[in-house]
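Colleague: Before I set anything up, could we go through this model together, question by question?

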Amino acid sequence: MGLSHRELIEQVSSIVRSRLAEQGAGHGYDHIQRVWKTACHLQGICGGNLLVIELAALLHDIGDAKFHHGQECSKKFSVEILNDLGADEVTVNHVAQIVDNISFRKRASAEVLSLEGQVVQDADRLDALGAIGIVRTIEFGVAFDQPFYDAEPARHNAEQKKTGVGHFHEKLFKLRNLMNTDAGREMAKTREDFMRSFLAQFELECTGQG
Ligand code: ADP
Ligand code: NI
């Protein structure tokens, strides 16, 4: 007898939690938990196989290239973990295909995503937006010694500094249009609006007006 849906999810989530324990800012188990919850929420609206969605959300960053000498191992690790737990082959293959194709980096060469893959990709992208997205951008800046904003932009016309605020514009505000599902797009809009009002207030405070 194989594990029940709940048992399988519990086992996978505890494996992921312990494997990611060492990974720091923005990419630890906290990110996984939020993506998992958001993916379940989207599934309630958009449908799709809940088991596949939950497993792919839990496993999508299990072998992140940043922590494996630049080599992306998430698909390989997912297959190993699911096979060890006796998950059925159709589920394992579907989860592996999603995990292998949802990353932002791979978007140009990615295979077509199933509804389940689209839901998990939207949930992952949503975690770069909103209040959480602001916090993760700041955490990234701290970890990689990048300022959140350029206090003296006029001086840097020639060589523009990379900043957290720059990252909002260069990447994060483009995510809304890349959403797969209508429900994901709606959440992205709410989160982007929140970031834009944060930036407006931030700007006021920086210029002594807020
Ligand atoms: P993922 O793999 O989940 O798509 P990344 O590893 O690219 O995410 O980034 C993790 C977090 O750090 C995200 O919230 C992202 O927006 C933020 N981040 C990534 N690159 C930068 C950057 N150059 N400046 C500021 N924040 C960044
Ligand atoms: Ni992720």
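Modeller: A disulfide, as the term is used here, is a pair of cysteine sulfur atoms within 2.5 Å. Please keep in mind that this is a predicted model.

Colleague: How many disulfides does a search of the whole structure find?

Modeller: The pair of sulfur atoms would have to lie within 2.5 Å. For Cys46, the nearest cysteine sulfur is that of Cys40, 12 Å away, and Cys46 is in no disulfide. Over the whole structure, the number of disulfides found is 0.

Colleague: Which geometry does the site of the nickel ion (ligand 2) have?

Modeller: The protein donors are His31 (NE2), His60 (NE2), Asp61 (OD) and Asp124 (OD), at 2.1 to 2.3 Å from the nickel ion, and in sequence these donor residues follow the spacing H-x28-H-D-x62-D. Four donors count as tetrahedral if all angles lie between 85 and 135 degrees. With angles of 82 to 169° among the 4 donor atoms, the site is irregular.

Colleague: Which helix supplies the largest share of the lining of the second largest pocket?

Modeller: This pocket, with a volume of about 350 Å³, is lined by 16 residues, and Tyr149, Asp150, Pro153, Val165 and Glu203 lie nearest its centre. Helix H8 (164-170) and helix H10 (182-206) each supply at least two residues of the lining. The largest share, 4 residues, comes from H10.

Conventions: Residues are numbered from 1 along each chain as its sequence is written. Chains are lettered from A and ligands numbered from 1 in the order in which they are written. This is a predicted model: local features need pLDDT of at least 70, side-chain atom pairs count only at pLDDT 80 or more; totals for chains, interfaces and linings use all residues. Side-chain values use heavy atoms; hydrogens and water are left out. Donors are N, O and S atoms within 2.8 Å of the metal (3.2 Å for Na, K and Ca); water is not among the atoms, so sites may look incomplete. Four donors count as tetrahedral if all angles lie between 85 and 135 degrees; four count as square planar and six as octahedral if opposite donors are over 155 degrees apart and all others between 65 and 115; anything else is irregular. On a 1 Å grid over the protein atoms alone, a cavity is a set of points where a 1.4 Å probe fits but cannot get out, and a pocket is an open set with protein on both sides within 12 Å along at least five of seven lines; lining residues have an atom within 4 Å of a point. Grid points are joined across faces, edges and corners, and a volume is the space filled by probe spheres set on the points.
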